[in-house]
Amino acid sequence: MTGAWIVVRSPGLLTTVQDLGRVGLAHLGVPTAGAVDRRAFGLANRLVGNRPDAAALEITLAGPELEVEAGGWVALTGGRVEAELGERTMPMDVAVRAEPGQVLRVGSMSAGLRAYLAVRGGIGVAEVLGSRSTDTLAGIGPPPLEEGARLPVGDLVEGDPFQQLAPTPRVDPEPLLRAVRGPRDDLFTDQALHTLIATAWTVSSDSDRTGIRLDGPELERRRKVELASEGMAEGSLQVPPDGHPILFLANHPTTGGYPVIAVVAGRDLPLAAQARPGTRLRFRFVPVTAAREAAGGAPA
């Protein structure tokens, strides 16, 4: 630890500590959790010269007000949001130097759903099961930010801050997600598979870090059979009995008993992570080889 602290004056709507998650514990029923938009998370850490596994803050829709007691480098990425550092506007996608005692105010998102705030050294809260991530499904890790909380600054640095503006993909107003047919696609009619890719699905307000519920036509099953619980992967498109799919995100459960009609390629999951309620999503089937290449190119 560096002995430096960040003081939470206001927590925002939902601000959590996230890193790369709890990898390798699914067999114990422990979700991975971690940053939902790993592309934006990784960029924030690179901008301030952190190690890839350093923890940052994930901000949902409306951001916090934070006092940077000892100063230091900070960077804000992801969904588009206006922020102020002291008395000046803080730009996104570039490392900015905070002076000791300055207050950082993050406003409401104008585009996208989640932003990431990295501080040089990382958020140094204690690890739980090998990760500093807040698991909102299992209740593991640090709680969401609360007024008056003090966050220690860590020392997970590996390079210098990057003080030039980083090129950042825009937030797509109607994302097209590449997917492969799922392991239980045979349980659905041909019409259901066609409907999946022909429909502009609407993100429901009943969505969170666990998954995105999609409103649209019912996906009809060919056979209504009961399934034993099976392992679930991030990007799985699970269809419950009401026929409306759920796209699993970083905080998804490790098992599920509803059939998976498709699985979204890893590189396209950051697009889904920024889809706020009311956003329309589309899917496109691609060959497994193309999906693997896309997933393999996704940031860690």
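What follows looks at one aspartate and its surroundings, and then at the chain as a whole.

Author: This is a predicted model, in which local features need pLDDT of at least 70 and side-chain atom pairs count only at pLDDT 80 or more, while totals for chains, interfaces and linings use all residues. Residues are numbered from 1 along each chain as its sequence is written, and side-chain values use heavy atoms, with hydrogens and water left out.

Asp208 sits in the loop that runs between β11 (201-203) and β12 (211-215), where strands are DSSP runs of E with at least two residues, helices are runs of H or I with at least four, and both are numbered from the N terminus. With a relative accessible area of 45%, Asp208 is partly exposed; that class lies between buried, under 20%, and exposed, over 50%, as judged with a 1.4 Å probe and protein chains only. If neighbours within four places in sequence are set aside, Asp208 is in contact with Arg114 and Leu249, contact meaning heavy atoms within 4.5 Å. Gly49, by comparison, is 159 residues away from Asp208 along the chain, and the C-alpha atoms of the two are separated by 30 Å.

Most residues other than glycine have a negative phi. Leu61, in the loop between β3 (56-60) and β4 (65-68), has a positive phi near 65°, and it is partly exposed at a relative accessible area of 27%. Asp93 also has a positive phi, of about 65°, although it is not a glycine; it lies in the loop between β6 (88-90) and β7 (96-98) and counts as buried at 5% relative accessibility.

Along the principal axes, the C-alpha atoms fill a box of roughly 65 × 35 × 35 Å. Buried residues make up 53% of the 300 residues, and among contacts with a separation of 6 or more, residues 24 or more positions apart account for 77%.
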